[in-house]
Amino acid sequence: MGSRAFGLATDGSDTDVRGVFLAPTALFWRFEKPPTHVEGPAPEQFSWELERFCSLALRANPNILECLHSPLVEHVDDTGRELLSLRGAFLSLRAHDTFARYALGQRKKLEADVRTHGAPRWKHAMHLLRLLTSARDLLRTGALTIGVGEQREPLLAVKRGEVSWEEVERRMVRLATETDEAAARSPLPPEPEHARVEDFLVRVRRASALRDSAGSQ
């Protein structure tokens, strides 16, 4: 994830790794449930249990959807491949609201930095422009693209502080307007395919339970 997945990595960029794991079904039968997420074991690593991941993706959580559509996959098993094949089932017009709310929160933080320090955190400004562009294009096309492509150098110029805050603000306002316009005629469905995702989760849970049962005999 992060700059390496977006195509914005430089020599000093971290390697952010995100994952999805399946907790054995039998663990859910106990009073103490398995964790919904796990940090580590190495720095910049974080994983979600499958059900939590799917729940957040159905709500169009921006970080989760970007994880699901990352072009860089280090390891995937059969369950993971099926999850990836369902990527389109999670996409809906809900993304307009969730991406917009996330972007608004990030913009308020940048504005607070400008008031306090006279300048924003340029790296955060770069990523906000990237997010707004991604949201606009998702609503226009119905597909979530992670890599920034030809926008790499213009975005890195923002990160280096080579673009004025006034110009960055103008770009943010323009992208937000274009995102709203795209939502009005987007090919995305109003809601995600909840039943299709749930069927997948039930099948995976059932298969896990059967494996546990066979192993205990």
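**Figure 1. Burial across the predicted model.** Of the 217 residues in the protein, 39% are buried. The model is a predicted one. Along the principal axes, a box of roughly 70 × 40 × 30 Å holds the C-alpha atoms.

**Figure 2. Secondary structure elements and contacts along the chain.** Nine helices and three strands make up the secondary structure of the protein. Read from the N terminus, the order of these elements is α-β-β-β-α-α-α-α-α-α-α-α. Among contacts in the protein with a separation of 6 or more, 75% are between residues 24 or more positions apart.

**Figure 3. Charged side chains.** The protein carries 31 positive and 31 negative side chains. The centres of the two sets are 1 Å apart.

Figure 4. Helix α9 covers residues 194-216, and Arg205 is part of it. Arg205 has a relative accessible area of 12%, under the 20% limit, and therefore counts as buried.

**Figure 5. Close-up of the residues around Arg205.** Apart from neighbours within four places in sequence, the residues in contact with Arg205 are Leu22, Ala23, Thr25, Phe28, Glu49 and Glu51. With one of these, Glu51, Arg205 also forms a polar contact of 3.1 Å between side chains.

Technical notes: Residues are numbered from 1 along each chain as its sequence is written. This is a predicted model: local features need pLDDT of at least 70, side-chain atom pairs count only at pLDDT 80 or more; totals for chains, interfaces and linings use all residues. Side-chain values use heavy atoms; hydrogens and water are left out. Helices (H or I, at least four residues) and strands (E, at least two) are DSSP runs, numbered from the N terminus. Buried means under 20% relative accessible area, exposed over 50%, partly exposed in between (1.4 Å probe, protein chains only). A polar contact is a pair of N or O atoms within 3.5 Å; within protein, one must be able to donate a hydrogen and the other to accept it, and residues adjacent in sequence count only if both atoms are side-chain atoms. Contact means heavy atoms within 4.5 Å. Lys and Arg count as positive and Asp and Glu as negative; His and the chain ends are not counted. The place of a charge is taken as NZ of Lys, CZ of Arg, CG of Asp or CD of Glu.
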